[in-house]
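My notes follow in the order I took them.

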Amino acid sequence: MSDTASASHASSPMRIRARGRSFLALVLSPEAPLNLWLAGLDQQVVRSGGLFSGKPVILDLGLLSEETPGLPTLLEDIRSRGVRIISIEGGDRSWPAVSGWDWPASFEGGRPSGEVELPDQGAAADATAVAAPTGGQTLILDGAIRSGQCIQHMQGDVIIIGSVSSGAEIVAAGSIHVYGSLRGRAIAGVGGKSEARIFASRMEAELLALDGFYAVTEDIDAAIFGQPAQVLLDEDRVRVLPLPR
């Protein structure tokens, strides 16, 4: 390459590419009295193991007021339990009780994101386009989901023709169907779909969640454990029921 070509190449700006990526964030909504709520959080952490490990969590203060006893230390109390708070909503930074908080930036809304195309050189900033995902799609996966794998599908149901290993995680906006053993985590109904369900040919899950309500292995009846079962939400309670034979 000639010096002239090298100089021209060096002066040409590289095109920048960007992609959208969605993450599942859990939402914690503390309630008064906070000492009892924190005790309940401790129990949940013990029962569900790594439920909050490495997971982004949003702290929702909507059920509290600025006079709630224990509020000044709440953020640190939660963080000391290994919970990673990425955003706070439902409260007000002007409350004296939270004036000393290290308040992270807020995230508004939240939805699946597709490819994000940055405008070409010289294009107007408002020309940036975000591809909207289509809804109602079913994701079908053939084969086992190995430990450490995380499958997220925010457009509909997930069907797995195989088993889900311990340490694996399936997250879906709709229902989850596992034609095999479900030993990992299954989180369905993300985004408020309380009618979603979880089905498994062999129910041995570490954690089950529907629309934000959780159950763990110990909550599964011994007579149902290892058997064909379904999980549904009944008056804010996660129920594990046998499938008809």
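Predicted model: local features only at pLDDT ≥ 70, side-chain atom pairs only at ≥ 80, totals over all residues.

**Entry 1: a glutamate to start with**

Is Glu 204 buried or exposed? I looked it up: Glu 204 is buried, at a relative accessible area of 13%. Glu 204 is found in the loop between β13 and β14.

Next I asked which residues Glu 204 is in contact with, leaving aside its neighbours within four places in sequence. They are Ser 181, Leu 182, Arg 183, Phe 225 and Gly 226.

**Entry 2: salt bridges**

Side chains of opposite charge can pair when their charged atoms come close. I got a count of 5 salt bridges. One of them is between the side chains of Arg 183 and Glu 204, at 2.9 Å from N to O. Arg 183 sits in the loop between β11 (176-182) and β12 (185-188), and Glu 204 in the loop between β13 (198-203) and β14 (207-210), so the pair ties together parts that are 21 residues apart in sequence.

Arg 202 is partly exposed, at 38%.

I also noted a salt bridge between Asp 234 and Arg 239, with the closest N and O atoms 3.2 Å apart. Both ends are partly exposed: Asp 234 has a relative accessible area of 32%, and Arg 239 comes to 31%. Which residues do shared partners join into one network? Arg 183, Arg 202 and Glu 204.

In soluble globular proteins, nonpolar side chains tend to be buried together. I looked for where that happens here. The largest nonpolar core has 28 residues, and those with the most contacts inside it are Leu 182, Ile 198, Met 203 and Leu 208. The elements giving two or more residues to this core are β9 (158-161), β10 (169-172), β11, β12, β13, β14, β16 (229-234) and β17 (237-242).

I then took Met 203 on its own. Neighbours within four places in sequence aside, Met 203 is in contact with residues including Leu 182, Ile 198, Leu 208, Ile 220, Phe 225, Val 231 and Val 240.

**Entry 3: a histidine in a strand**

His 153 lies in strand β8 (residues 150-153). His 153 counts as buried, at 8% relative accessibility. What lies 3.0 Å from a polar atom of the His 153 side chain? I found the backbone oxygen of Gln 137 there. Not counting residues up to four places away in sequence, His 153 touches Gln 137, Thr 138, Leu 139, Val 158, Val 171, Ala 172 and Ala 173.

Leu 141 has its place in strand β7 (residues 139-142). Leu 141 and Ile 161 are 20 residues apart in sequence, and their C-alpha atoms are 6.1 Å apart in space. With neighbours within four places in sequence left aside, Leu 141 is in contact with Ile 151, Ile 159, Ile 160 and Ile 161.

Together, Ile 140, Ile 161 and Tyr 179 make a nonpolar surface patch of about 310 Å². Tyr 179 is in strand β11.

**Entry 4: a cis peptide**

Most peptide bonds are trans. I came across a cis one that joins Ala 32 and Pro 33, with omega about -5°. Pro 33 lies in the loop between β2 (26-28) and α2 (34-48).

**Entry 5: the chain overall**

I left the totals for the end. The chain has 3 helices and 17 strands. Of its 245 residues, 36% count as buried. The accessible surface comes to about 14000 Å², and carbon and sulfur atoms hold 51% of that. Among contacts between residues at least 6 apart in sequence, 38% join residues at least 24 apart.

How values were computed. Residues numbered from 1 in each chain as written. Heavy atoms only, no water. Helix = DSSP H or I, 4+ residues; strand = E, 2+ residues; numbered from the N terminus. Buried < 20%, exposed > 50% of the residue type's maximum accessible area, 1.4 Å probe, protein only. Contact = heavy atoms within 4.5 Å. Areas by Shrake-Rupley, 256 points an atom, 1.4 Å probe, with all protein chains shown as cover. Salt bridge = Lys/Arg side-chain N within 4 Å of Asp/Glu carboxyl O. Polar contact = N/O pair within 3.5 Å; in protein donor to acceptor, adjacent residues only side chain to side chain. Patch = residues over 30% accessible without salt bridge, like charges linked within 9 Å, V, L, I, M, F, W, Y side chains within 5 Å. Core = buried A, V, L, I, M, F, W, Y, C linked by side-chain atoms within 4.5 Å.
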